[in-house]
Amino acid sequence: MTKSIMDFQDEFGRITTWPSDRRRAHQLAILHYLKGLFETGVSYDQGQVEQILADHTTLEDPSILLTELLDGDYLATADGQYWRADGRPGARG
C-alpha cells in the first residue's frame with residue numbers, strides 16, 4: 001500500500017486510532033496490514049480473531065476492525081469460522 005500507517009501505530013506496532021472516513025486510503029492500508037496477521041488457508045474461530053485484533057490494537061472497541069475487515073472482503077466468515085478471503089481453508093487452487 002502506498003499510504004503509511006505509522007501515524008496510527010504506537011511504538012509496538014499496535015493500531016491506536018481508526019482514521020476518519022476522509023482518510024480512506026489510510027483505513028485501507030490498515031486493513032491490508034491487519035489481513036496480513038491472518039494466515040492464508042487457516043480458519044479461526046471468533047475468539048481467535050478477536051484475540052489477534054486485540055493483540056494488535058489499543059482501540060477501546062476493536063470490533064470496528066472486524067466489521068471493516070469483513071465488509072472490505074479482507075476476511076470471510078461462515079458457520080462461526082473466519083478466514084482470509086483470498087484463501088478459504090480446504091479450497092483447492
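User: Which residue in strand 3 stands opposite Asp45?
Analyst: That's Gln81. Keep in mind that we're looking at a predicted model.

User: OK. How many bridges join strand 1 to strand 3?
Analyst: Two, and the strands run antiparallel.

User: And what about strand 2 and strand 3, how many bridges there?
Analyst: Strand 2 pairs with strand 3, residues 81–84, over four bridges, again in the antiparallel sense.

User: Which residue is the bridge partner of Ala76?
Analyst: Ala76 has Trp83 in strand 3 as its bridge partner. For Thr77, the partner in strand 3 is Tyr82.

User: So in what order do the three strands form the sheet?
Analyst: The order is 1-3-2, in an open sheet with antiparallel pairing. Strand 1 (44–45) and strand 2 (75–78) are at the edges; each has a single partner strand, so one side of each has no neighbour in the sheet.

User: Let's look at the hairpin of strand 2 and strand 3. How many residues are between the strands?
Analyst: Two residues sit between the strands of that hairpin, and Asp79 there takes a positive phi near 50 degrees.

User: Is Asp79 buried or exposed?
Analyst: Exposed, because its relative accessibility is 79% and the cut-off for exposed is over 50%. Asp79 belongs to the loop between strand 2 and strand 3, and its phi is positive although the residue is not a glycine.

User: What about Gly72, where is its place?
Analyst: Gly72 is in the loop between helix 3 and strand 2. At 33% relative accessibility, Gly72 counts as partly exposed.

User: Helices now. Which strands does helix 3 lie across?
Analyst: Helix 3, residues 63–71, lies across strand 2 and strand 3, and runs at about 90 degrees to strand 2.

User: And at what angle do the axes of helix 2 and helix 3 cross?
Analyst: Roughly 110 degrees, with the axes coming within 9 Å; helix 2 covers residues 46–55. That makes helix 2 roughly perpendicular to helix 3. The crossing is right-handed.

User: Which residues make the contact?
Analyst: From helix 2 it's Gln46, Val49 and Leu53, and from helix 3 it's Leu65, Leu66 and Leu69. By type, the contact of helix 2 with helix 3 has five nonpolar residues, one polar and no charged.

User: Now helix 1 and helix 3: at what angle do their axes cross?
Analyst: Helix 1 is residues 24–35; its axis comes within 10 Å of the axis of helix 3, and they cross at roughly 90 degrees. That makes helix 1 roughly perpendicular to helix 3.

User: Which residues in helix 1 meet helix 3?
Analyst: Arg24, Leu31, Leu34 and Lys35, which meet Leu65, Glu68 and Leu69 in helix 3.

User: Last topic, Thr57. Where is its place, and is Thr57 buried or exposed?
Analyst: Thr57 is in the loop between helix 2 and helix 3. Thr57 is buried, because its relative accessible area is 7% and buried means under 20%.

User: Leaving aside neighbours within four places in sequence, what is Thr57 in contact with?
Analyst: With Arg14, Ile15, Pro62 and Leu65.

User: And how many residues apart in sequence are Thr57 and Asp10?
Analyst: They're 47 residues apart in sequence, and 8.9 Å apart in space, C-alpha to C-alpha.

How values were computed
Residues are numbered from 1 along each chain as its sequence is written. This is a predicted model: local features need pLDDT of at least 70, side-chain atom pairs count only at pLDDT 80 or more; totals for chains, interfaces and linings use all residues. Side-chain values use heavy atoms; hydrogens and water are left out. Two strands pair if DSSP finds at least two bridges between them. Contact means heavy atoms within 4.5 Å. Axes are lines fitted to C-alpha atoms, for helices over the stretch in contact, and angles run from 0 to 180 degrees between N-to-C directions. Buried means under 20% relative accessible area, exposed over 50%, partly exposed in between (1.4 Å probe, protein chains only). Angles under 35 degrees count as roughly parallel, over 145 as roughly antiparallel, 65 to 115 as roughly perpendicular and the rest as oblique. A crossing is left-handed if the near helix is turned anticlockwise from the far one by less than a right angle, and right-handed if clockwise. Ala, Val, Leu, Ile, Met, Phe, Trp, Tyr, Cys and Pro count as nonpolar, Asp, Glu, Lys and Arg as charged, and the others, Gly among them, as polar.
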